[in-house]
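Here's a quick briefing to get you oriented. Take a look at the structure first, then read on.

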Amino acid sequence: MTENQDRGAWSSRIGFIMAGAGSAVGLGNIWRFPYITGENGGAAFVLIYILCIFLIGFPVMIAELTLGRKTAKNPVGMFHALAPGSPWKYVGGLSVITGLVIFSWYSVIAGWVVGYLYKTAAGHFNNLTDPSATETIFRDFVSNPFSVILLTAFFIALTGYVVFKGVKSGIEKWSRVLMPILVVLLILLAIRSVTLPGASEGLIFYLKPDFSAINTNMLIAALGQAFFSLSLGMGTMITYGSYLSKKDNIPTAAAWVCTFDTLIAILAGFVILPAVAAMGKAYTEGPGLIFQVLPSLFGEMPGGQIFGVGFFMLIIIAAITSTVSILIVPVAYMVDEKKWSRRNAVGFMCLIAFVLSVPAALANGAVGFLSSLPGLGTDYFTIISSLFGDVSLTLGSLFIALFVGWKWSTAKAKEEIESEGITFGLAKQWSFLIRFVAPITVSILLGYTFRDNIWKLFFG
Ligand code: PHE
């Protein structure tokens with residue numbers, strides 16, 4: 001059976017919303033959002049982030065889902081179908097590469113979570129409330145080359161297995177169960193966190209905006225995080241959209257996914273940032289932040305060990321429902337365009353991702369050279385995660401907005417959205433956002449990124 005006949009549709013609208021949310025909700029919300037917020041000054045960043053989600057991310061998500069449903073293809077095939085023989089297919093190519101690289105470093109962090117699940121279950125954190133002890137444990141853990149590489153490989157293989165087995169039904173089911181439990185656990189954890197002695201300073205940091213902290217770097221970080229968290233700019237939502245039926249209301253589905261994703265990220269902030277203040281840690285700790293905070297937080301709760309095990313398990317499931325949606329893009333490309341078998345495509349992509357993941361896994365202390373690149377003043381992980389998390393997704397989203405806004409046309413998109421008796425009430429506003437607001441804002445911010453970060457990084 002070919003991939004296309006094999007495609008099927010989501011079992012219901014709620015089915016797609018759950019799957020879309022499964023892709024969107026992941027480490028981006030629980031691990032990345034709190035530490036990026038911490039690094040970018042707190043509340044003002046959160047406000048800008050929310051604006052980015054609803055004014056730019058949401059319209060781009062509608063665009064991607066519409067393109068996907070229209071053509072039922074991977075990003076390269078989609079551009080090929082709608083703009084045959086044009087260079088737009090390279091945008092699809094960028095998606096495939098971006099997906100592969102994100103998959104590689106994302107799996108490193110997911111591997112850390114697997115390691116932390118084990119440590120929690122084995123009782124390593126029992127009665128451990130001293131913040132400096134959690135820090136030492138974290139540093140020792142991430143600088144051990146064997147365990148981090150092994151855990152990363154494990155996670156890549158797990159994702160490969162799920163993708164190989166066929167995606168839809170599994171993801172939909174897992175997400176359906178996972179999401180509600182995740183929300184409940186996050187709420188309980190947030191309550192514990194905000195009631196810790198000394199948490200109020202963290203709450204103020206998170207809720208009381210200091211607008212003087214706004215600068216271009218913060219705006220870029222907010223925009224990049226919005227695309228990352230909503231799984232936009234690399235074809236995931238194009239691919240997921242290809243499973244939607246003509247009866248599905250794309251704008252409503254997109255609105256649900258955006259709202260849900262944002263709520264979870266905001267909740268994660270309530271869990272982490274007040275606890276950071278209560279434990280006297282620095283908001284700017286970076287990628288290690290949640291790993292240094294959560295174990296002490298569990299230590300402060302009755303039944304914390306069980307709670308911790310449950311929570312890390314949920315994060316792992318949330319991460320898998322995201323990595324599956326990342327890996328599916330390069331795999332669909334190989335299967336649809338290059339006629340590879342699913343098995344070979346999955347195996348090949350996982351292998352490349354693993355090779356790429358090794359330097360990322362070693363860049364947090366295991367190998368000195370990677371952890372502090374000579375002349376660049378930062379580590380390999382940070383560079384690769386911002387080039388292929390923020391910049392590349394932002395570029396990809398810009399191209400999607402330009403393509404739908406100016407090449408394919410918003411009128412055709414509207415027609416597709418309204419194909420079966422659905423009215424797209426906000427079509428005019430959407431068209432304005434996708435043609436003007438998104439491309440202009442994104443171009444300006446990308447220009448700053450190139451000037452201030454990329455150029456400086458490589459050319460001094
Ligand atoms: N949105 C996912 C998360 O927040 C990550 C992701 C990025 C998934 C890009 C697909 C595409 O964890």
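## A buried serine to begin with

Ser-296 is buried, with a relative accessible area of 1% (buried means under 20% relative accessible area, exposed over 50% and partly exposed in between, using a 1.4 Å probe and protein chains only). This is a predicted model, so local features need a pLDDT of at least 70, side-chain atom pairs count only at pLDDT 80 or more, and totals for chains, interfaces and linings use all residues. Residues are numbered from 1 along each chain as its sequence is written, and side-chain values use heavy atoms, with hydrogens and water left out.

**Confidence**

- The mean pLDDT of the protein is 92, and 96% of its residues reach 70 or more (pLDDT is the predictor's confidence in each residue, from 0 to 100).
- Over residues 1-6 the pLDDT is below 50, and beyond near neighbours in sequence this stretch has 7 contacts in the model (contact means heavy atoms within 4.5 Å).

- Ser-296 sits in helix α13, residues 289-299 (helices are DSSP runs of H or I with at least four residues, strands are runs of E with at least two, and both are numbered from the N terminus).
- Leaving aside neighbours within four places in sequence, Ser-296 is in contact with Leu-128, Thr-129, Pro-131, Thr-134 and Met-279.
- His-124 is in the loop between α5 and α6, and it is partly exposed, with a relative accessible area of 39%.
- His-124 and Pro-295 are 171 residues apart along the chain, yet their C-alpha atoms are separated by 9.3 Å.
- With neighbours within four places in sequence set aside, His-124 has contacts with Tyr-118, Lys-119 and Ile-137.

- Thr-98 belongs to helix α5, which covers residues 89-121.
- Is Thr-98 buried or exposed? Thr-98 is buried, because its relative accessible area is 0%.
- Not counting residues up to four places away in sequence, Thr-98 touches Met-234, Phe-388, Ser-392 and Leu-393.
- Gly-93 is in helix α5 too, but counts as partly exposed at 25% relative accessibility.
- Between Gly-93 and Pro-330 there are 9.1 Å in space, C-alpha to C-alpha, although they are 237 residues apart in sequence.

**The ligand**

- There are 15 residues around the ligand, and Ala-24, Gly-28, Tyr-106, Phe-228 and Ser-231 come nearest (a residue is near a molecule or strand if one of its heavy atoms lies within 4 Å of it).
- A polar backbone atom of Ala-24 is 2.8 Å from an oxygen atom of the ligand (a polar contact is a pair of N or O atoms within 3.5 Å; within protein, one must be able to donate a hydrogen and the other to accept it, and residues adjacent in sequence count only if both atoms are side-chain atoms).
- A backbone N or O atom of Leu-27 also lies 3.2 Å from an oxygen atom of the ligand.
- For Ser-229, a polar backbone atom is 3.1 Å from a nitrogen atom of the ligand.
- The ligand on its own has 330 Å² of accessible area, and the protein covers 100% of it (accessible areas come from the Shrake-Rupley method with a 1.4 Å probe, and for residues only the protein chains shown count as cover).

**Helix α7**

- Helix α7 (residues 145-164) has 20 residues and reaches 28 Å from its first C-alpha to its last, close to the 28 Å expected at 1.5 Å a residue (the expected span is 1.5 Å times one less than the number of residues).
- Buried residues of α7 include Val-148, Leu-151, Thr-152, Phe-155 and Ile-156.
- The cover over the buried residues of α7 includes α5, α6 (131-142), α14 (304-337) and α15 (342-361).
- At the start of α7, a side-chain oxygen of Asn-144 reaches to within 3.0 Å of the backbone nitrogen of Phe-146.
- Gly-166 follows α7 and has a positive phi, near 95 degrees.

**Helix α4**

- Pro-75, Val-76, Gly-77, Met-78 and Phe-79 are buried in helix α4, residues 75-82.
- Asn-74 caps the N-terminal end of α4, with a side-chain oxygen 3.0 Å from the backbone nitrogen of Val-76.

- Most residues other than glycine have a negative phi.
- Ala-72, in the loop between α3 and α4, has a positive phi of about 50 degrees although it is not a glycine.
- Ser-409, in the loop between α17 and α18 (410-417), has a positive phi near 100 degrees.
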